Amino acid sequence: SNNWFIGAVTDEIGRKVNLSFNFLDPKKKYIAEIYRAGDGADYRTNQFAITIEKKPVDVTSNMEVFLAPGGGAAIAIKEVK
């Protein structure tokens, strides 16, 4: 498939996760649309803080994503044609 989806969730402890995109086709370029907790997000006090951003990615890309307490992140990856 030329489209991918990555999701991660956490418990009441916030944490950072490091993601590798080494599963992507090395001959292709992609755009990642990232849906993640915004600044100050916390399930107890600020449940609706959301940030959406787009970044180019390829097989060599790595990304650090913060998972807010009680939150998570989702990344939709689409091939750039």
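Guide: Two strands are said to pair if DSSP finds at least two bridges between them; strands (E, at least two residues) and helices (H or I, at least four) are DSSP runs, numbered from the N terminus. The model is predicted: local features need pLDDT of at least 70, side-chain atom pairs count only at pLDDT 80 or more, and totals for chains, interfaces and linings use all residues. Residues are numbered from 1 along each chain as its sequence is written, and side-chain values use heavy atoms, with hydrogens and water left out.

Visitor: What makes strand 1 and strand 6 a pair?

Guide: Strand 1 (residues 3–9) and strand 6 run antiparallel and are joined by 7 bridges, where at least two are required. Tryptophan 4 has isoleucine 77 of strand 6 as its bridge partner. Strand 6 is also joined to strand 3 by 8 bridges, again antiparallel, and there tyrosine 30 stands opposite glutamate 79.

Visitor: How do you know that strand 2 pairs with strand 5?

Guide: Strand 2 (residues 15–20) and strand 5 share 6 bridges in the antiparallel sense, with arginine 15 opposite leucine 67.

Visitor: Why is glutamate 79 called buried?

Guide: Buried means under 20% relative accessible area, exposed means over 50%, and partly exposed lies in between (1.4 Å probe, protein chains only). Glutamate 79 has 18% relative accessibility, and therefore counts as buried.

Visitor: Why is the contact between lysine 28 and glutamate 79 called a salt bridge?

Guide: The term requires a side-chain nitrogen of Lys or Arg within 4 Å of a carboxyl oxygen of Asp or Glu. The closest N and O atoms of lysine 28 and glutamate 79 are 3.9 Å apart, so the pair meets the criterion. This pair links distant parts of the chain, 51 residues apart: lysine 28 is in the loop between strand 2 and strand 3, and glutamate 79 is in strand 6 (residues 72–80).

Visitor: Which other residues form salt bridges?

Guide: Lysine 54 and glutamate 33 meet at 3.8 Å, N to O. Lysine 54 is in strand 4 and glutamate 33 in strand 3, 21 residues apart. Lysine 54 is exposed, because its relative accessible area is 59%. Shared partners join Asp25, Lys28 and Glu79 into one network of salt bridges. The structure holds 5 salt bridges.

Visitor: Why do aspartate 25 and lysine 28 count as partly exposed?

Guide: Aspartate 25 has 28% relative accessibility and lysine 28 has 26%, so both belong to the partly exposed class.

Visitor: Where is serine 61 found, and is serine 61 buried or exposed?

Guide: Serine 61 is found in the loop between strand 4 (50–57) and strand 5 (62–67). Its relative accessibility is 16%, so serine 61 counts as buried. Leaving aside neighbours within four places in sequence, serine 61 is in contact (heavy atoms within 4.5 Å) with Leu19, Ser20, Phe21 and Pro56.

Visitor: How exposed is tyrosine 35?

Guide: Tyrosine 35, found in strand 3 (residues 29–37), is partly exposed, because its relative accessible area is 34%.
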